[in-house]
Amino acid sequence: MSRRTPHASDLPRLGTLEAQVMDVLWDHGPATVREVIDQLAGSPAYTTIATVLTNLDRKDLVTITRQARSTRYAARLSRQEHAVSLMDQVLEASRDRTASILHFVDTMPESDLALLRDYLSARGPGERS
Amino acid sequence: MTPGLLAGLLAVALLAAAVLGPWMLRGAAPALVHAPRLAVGLLFGSVLIWLGTALALGPLLAWVVTGPDVLPAPAAQACQQCLNAANPFLSGGTVDTAVPVVLLLALPALVTAALGTAVTRECWRRQRESRRTADRVLAGATHRRLLGHDVLVLDDERPLALTFPVRHGGIALSTGALRSLDRAELAAVLAHEEAHLRQHHHLVTGLVSSLARHLRWVPLVAAVEAALPDYLEIAADNHARQRAGTPALVSALVRLGERASPVPEGQLAGALHAAGPERIRHLVLPGSGAAGALPVLAVTTHLLVLAVVGAAVHLPYLLAALNGC
């Protein structure tokens with residue numbers, strides 16, 4: 001199909017633990033595996049968090065810096081940037097109508113905007129009804 | 001009228017509806033735009049009626065032709081008994097062809113079963129997709145009550161106003177949208193989104209898109225799929241105008257529309273919207289008079305004829321089956 005656009009399923013999907021680890025990195029900045037564990041409730045196993053961080057690296061969501069004998073992980077994008085890029089992809093996917101999302105106004109040609117502005121200016125400022 | 005002639009006429013009528021349907025719908029748009037909910041019913045109905053009548057063509061021909069025996073004798077006898085029980089044209093003669101009669105019945109049945117399965121699967125796929133998308137978009141959203149509406153507020157500077165199916169979250173507005181809109185404009189946007197939910201627009205879109213996924217090669221179906229979203233938006237706009245007034249709705253469209261990266265003329269999927277009305281033009285420059293009335297009459301009459309003929313073929317089969325032939 002020619003109109004096919006990226007699906008939401010193409011986006012990196014975050015599991016519950018992955019989301020918690022990303023939250024730690026966003027809230028506290030770059031951290032080692034041990035520092036991430038210290039911020040999480042229930043003290044998960046070291047190997048569990050190391051695996052989660054490896055997965056997040058595979059999904060291109062974290063950067064890894066190796067200094068001396070420690071490895072630090074940092075979020076590649078800020079929480080805001082991540083949300084925006086996620087939303088961009090989701091909105092793009094929703095225009096394919098594969099996901100049931102109705103937009104109040106999506107893309108609007110300049111001519112339609114001009115018609116709307118003409119209507120408002122013909123009524124005069126401040127007129128409401 | 002002999003069933004053979006009837007089948008020929010029906011085939012021509014179906015072909016005309018499939019090919020000329022988009023052109024007729026475009027002609028009917030100026031009238032349909034004044035009753036968008038009726039238009040939605042007509043569009044949806046036209047796909048269902050066309051499909052139902054197309055599937056009646058084989059069973060209709062089965063009354064009039066004979067062909068080579070392909071079934072074992074007992075099965076052929078039972079089949080012929082059912083065929084005779086349903087046939088209102090028994091007294092007429094038959095035409096001998098090389099097509100086995102059972103094929104004329106089995107093929108539409110197979111197509112119905114395959115299409116039914118495919119559409120159901122497509123609906124499920126859309127459900128899953130919609131749920132997943134909603135979960136992603138609304139992950140960080142907060143619930144708020146705005147002007148009497150339950151709204152999910154997304155932390156996003158862009159002016160977004162979206163509606164998910166109720167069970168997936170309902171109305172969602174971004175903080176950017178809330179910042180751009182005054183109270184009257186917000187009321188218009190919320191009334192518009194509420195209309196989408198109350199009038200089950202997600203369900204209509206889902207069903208038509210699922211059908212269209214497999215039948216888009218029929219020009220009528222492609223035209224219906226393309227025009228439907230415009231009528232749904234106009235129906236929602238009408239509700240917003242009743243609640244908040246046209247100026248508030250227009251103003252909200254300008255505020256959210258000009259920030260939604262306006263596109264130059266010609267870059268929208270123009271051909272896809274060819275059969276639909278123009279939402280914005282209807283809002284600010286509503287037409288009047290009888291424009292489009294004749295095409296509406298022609299489309300409605302054509303559909304009624306197709307529906308009656310389709311029912312006249314399917315019903316005798318159904319009754320024969322219910323009565324055990």
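User: Which residue stands opposite B:Ser174 in β6(B)?

Analyst: The residue opposite B:Ser174 of β6(B) is B:Leu154. Please keep in mind that this is a predicted model.

User: How do β4 and β6 of chain B pair?

Analyst: Strand β4(B), which covers residues 149-154, and strand β6(B), which covers residues 171-174, pair in the parallel sense, and three bridges link them.

User: What sheet do they belong to, and what is the order of its strands?

Analyst: They belong to an open sheet of five strands with mixed pairing, and its order reads β3(A)-β5(B)-β6(B)-β4(B)-β3(B). In general terms, the strands of a sheet are paired through backbone hydrogen bonds, in either a parallel or an antiparallel way.

User: Which strands stand at the edges?

Analyst: The edges are taken by β3 (102-103) of chain A and β3 (142-146) of chain B; each has a single partner strand, so one side of each has no neighbour in the sheet.

User: Is β3(B) buried or in the open?

Analyst: It lies largely in the open, because the number of buried residues among the five of β3(B) is zero.

User: And how does β3(B) pair with β4(B)?

Analyst: Those two strands pair in the antiparallel sense over five bridges, and in that pairing B:Leu146 stands opposite B:His149 of β4(B). β3(B) and β4(B) also form a hairpin with two residues between them, and in its turn B:Leu147 has a positive phi of about 50°.

User: Switching to chain A, which strands form a hairpin there?

Analyst: In chain A the hairpin is formed by β1(A) and β2(A), again with two residues between the strands, and A:Ala68 in the turn has a positive phi of about 45°. Strand β1(A), residues 62-67, and strand β2(A), residues 70-75, run antiparallel and are joined by six bridges.

User: What does the rest of chain A look like?

Analyst: Chain A has five helices and three strands, and along the sequence they follow the pattern α-α-α-β-β-α-β-α. Of its 129 residues, 25% count as buried. Among the contacts in chain A between residues at least 6 apart in sequence, 53% join residues that are at least 24 apart.

User: What about chain B as a whole?

Analyst: Chain B has 12 helices and six strands, and 42% of its 325 residues count as buried. Its C-alpha trace spans about 75 × 45 × 35 Å along the principal axes. When contacts with a separation of 6 or more are considered, residues 24 or more positions apart account for 79% of them in chain B.

User: I keep noticing α12 in chain B; how do α4(B) and α12(B) cross?

Analyst: Helix α4(B), residues 73-86, and helix α12(B), residues 293-322, have axes that come within 8 Å and cross at roughly 125°. That angle makes α4(B) oblique to α12(B), and the crossing is right-handed. The contact involves B:Cys82, B:Ala85 and B:Ala86 from α4(B), together with B:Pro316, B:Tyr317 and B:Ala320 from α12(B). By class, six residues of this contact are nonpolar, with no polar and no charged ones.

User: And what happens between α2(B) and α12(B)?

Analyst: The axes of α2(B), residues 36-54, and α12(B) come within 9 Å and cross at roughly 35°, and this crossing is left-handed. From α2(B) the residues that meet α12(B) include B:Leu42, B:Ile49 and B:Trp50, while those on the α12(B) side include B:Val299, B:Leu303 and B:Val309. The contact divides into eight nonpolar, five polar and no charged residues.

User: Why does B:Ala321 count as exposed?

Analyst: B:Ala321 is found in helix α12 of chain B. It counts as exposed because it has 12 C-beta neighbours inside 10 Å, and a residue is exposed if that number is 12 or fewer.

User: Is B:Leu322 buried or exposed?

Analyst: B:Leu322, also in helix α12 of chain B, is exposed, with 8 other C-beta atoms within 10 Å. From C-alpha to C-alpha, B:Leu322 and B:Leu207 are 29 Å apart in space, and they are 115 residues apart in sequence.

Methods
Residues are numbered from 1 along each chain as its sequence is written. Chains are lettered from A and ligands numbered from 1 in the order in which they are written. This is a predicted model: local features need pLDDT of at least 70, side-chain atom pairs count only at pLDDT 80 or more; totals for chains, interfaces and linings use all residues. Helices (H or I, at least four residues) and strands (E, at least two) are DSSP runs, numbered from the N terminus. A residue is buried if 20 or more other C-beta atoms lie within 10 Å of its own, exposed if 12 or fewer, and partly exposed in between; C-beta atoms are placed from the backbone. Two residues are in contact if their C-beta atoms, placed from the backbone, lie within 7 Å. Two strands pair if DSSP finds at least two bridges between them. Axes are lines fitted to C-alpha atoms, for helices over the stretch in contact, and angles run from 0 to 180 degrees between N-to-C directions. Angles under 35 degrees count as roughly parallel, over 145 as roughly antiparallel, 65 to 115 as roughly perpendicular and the rest as oblique. A crossing is left-handed if the near helix is turned anticlockwise from the far one by less than a right angle, and right-handed if clockwise. Ala, Val, Leu, Ile, Met, Phe, Trp, Tyr, Cys and Pro count as nonpolar, Asp, Glu, Lys and Arg as charged, and the others, Gly among them, as polar.
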